[in-house]
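Student: I have a protein model open and I'd like to learn how to read it. Could we go through it feature by feature?

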Amino acid sequence: MTPHIEALKEDIAKTVIMPGDPLRAKFIAETYLDNYKLVNKVRNIYAYTGFYKNKKVTIMASGMGMPSMGIYSYELFKFYEVDNIIRVGSCGAYTSDLKLYDVILVDKAYSDSSYAFVQNNQKESEITSSTYLNQKIKTVVQAKNVDIKTGTIYSSDVFYKEKENYVELHEKHHCLGVEMESFALFHNAKILNKQASCLLTVSDNLVTKEETTSLERQTAFTKMIEIALESIL
Ligand code: HPA
């Protein structure tokens, strides 16, 4: 047990699939897992552990933003001895080439967040994801013959920006889009010698202003979820 997770250590699998939203964690468990049980409900951050094609896996929410992702991923890696975390989230796209529901494999997170500096004085603004997990994900993508993009994502501390700077983030830092958690997840994985990666589905486009509804965001991300689950087998 930790300050934020009540699950017994043996009730958390070595691999965790991590959506931001607790209701999406519930949806994934109910839709894809056999013999699953709810192992955490502290602060409604649901975690379900069960079996996907006989492989034990935990689906646990991260909450929104780097402080929340930072807490849960740290506790899972450090105190529950989790080896792998794959975030499955949504993002806003920074280019009109990206359509709603396109899937992005994040190979690098760029951020102006102070998370890494506050955590261990690290000044880098870019952190890579796990090449080990990314390779597994790419193998599944090839076998399924689905199309995904790979690239850098901007991890933002702010959803509502008074001055939107996505053109600069796209042109100068090559960010395909924006979310709010990957940088903290990848940082924690690096300092604790663990593996972390991230798949994102485009839920809105800052250039074309297209967007999905909150109900669609909760359930319509099956392509990404199936890639993540297949990659852990
Ligand atoms: N901004 C930040 N995070 C997001 C967005 C966005 O537009 N869309 C999905 N996650």
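Predicted model: local features only at pLDDT ≥ 70, side-chain atom pairs only at ≥ 80, totals over all residues.

Student: Is asparagine 121 buried or exposed?

Tutor: We use relative accessible area with a 1.4 Å probe, protein chains only: buried is under 20%, exposed is over 50%, and partly exposed is in between. Asparagine 121 has 56% relative accessibility, so it counts as exposed.

Student: What is the phi of asparagine 121?

Tutor: Most residues other than glycine have a negative phi. Asparagine 121 has a positive one, near 70°. Asparagine 145 also has a positive phi, near 55°. You'll find asparagine 145 in the loop between α4 (131–144) and β8 (149–155), and its 70% relative accessibility makes it exposed. Then there's asparagine 193, which follows α6 and has a positive phi near 60°.

Student: How many helices and strands does the protein have?

Tutor: There are eight helices and ten strands. The radius of gyration, taken over C-alpha atoms, is compared with a globule rule of 2.2 Å times the number of residues to the power 0.38. This protein has a radius of 16 Å, close to the 17 Å that the rule gives for 233 residues, so it is as compact as a globular protein of that length. Along the principal axes, its C-alpha atoms fill a box of roughly 45 × 40 × 30 Å.

Student: How many of the residues count as buried?

Tutor: Of the 233 residues, 54% count as buried.

Student: What about contacts along the chain?

Tutor: Contact means heavy atoms within 4.5 Å. Among the contacts with a separation of 6 or more, 76% are between residues 24 or more positions apart.

Student: Which residues touch the most other members of the largest nonpolar core?

Tutor: In soluble globular proteins, nonpolar side chains tend to be buried together. A nonpolar core is a set of buried Ala, Val, Leu, Ile, Met, Phe, Trp, Tyr and Cys residues joined through side-chain atoms within 4.5 Å. The largest one here has 39 residues, and Met60 and Leu76 touch the most other members. Elements giving two or more residues to this core include β1 (15–18), α2 (66–78), β5 (84–93) and β10 (195–205). A second, separate core of 28 residues includes Ile17, Tyr32, Val103 and Val141.

Student: What is methionine 60 in contact with?

Tutor: Leaving aside neighbours within four places in sequence, the contacts of methionine 60 include Ile5, Val16, Pro19, Tyr46, Tyr72 and Leu76.

Student: Why is α6 said to be largely enclosed?

Tutor: Eight of the ten residues of α6 are buried, so the rest of the structure largely encloses it. Among them are Phe183, Leu185, Phe186 and His187.

Student: Is arginine 87 buried or exposed?

Tutor: Arginine 87 sits in strand β5, and it counts as buried at 2% relative accessibility. Beyond its neighbours within four places in sequence, arginine 87 is in contact with residues including Met18, Glu179, Glu181 and Leu200.

Student: And glutamate 75: where is its place?

Tutor: Glutamate 75 is in helix α2 and is buried, with a relative accessible area of 6%. Not counting residues up to four places away in sequence, glutamate 75 touches Thr2, Pro3, His4, Ile5 and Tyr80.

Student: Where is serine 62 found?

Tutor: Look in the loop between β4 (55–60) and α2. Serine 62 is buried, with a relative accessible area of 0%. Residues touching serine 62, apart from those up to four places away in sequence, include Met18, Gly20, Tyr72 and Glu181.

Conventions. Residues numbered from 1 in each chain as written. Heavy atoms only, no water. Helix = DSSP H or I, 4+ residues; strand = E, 2+ residues; numbered from the N terminus.
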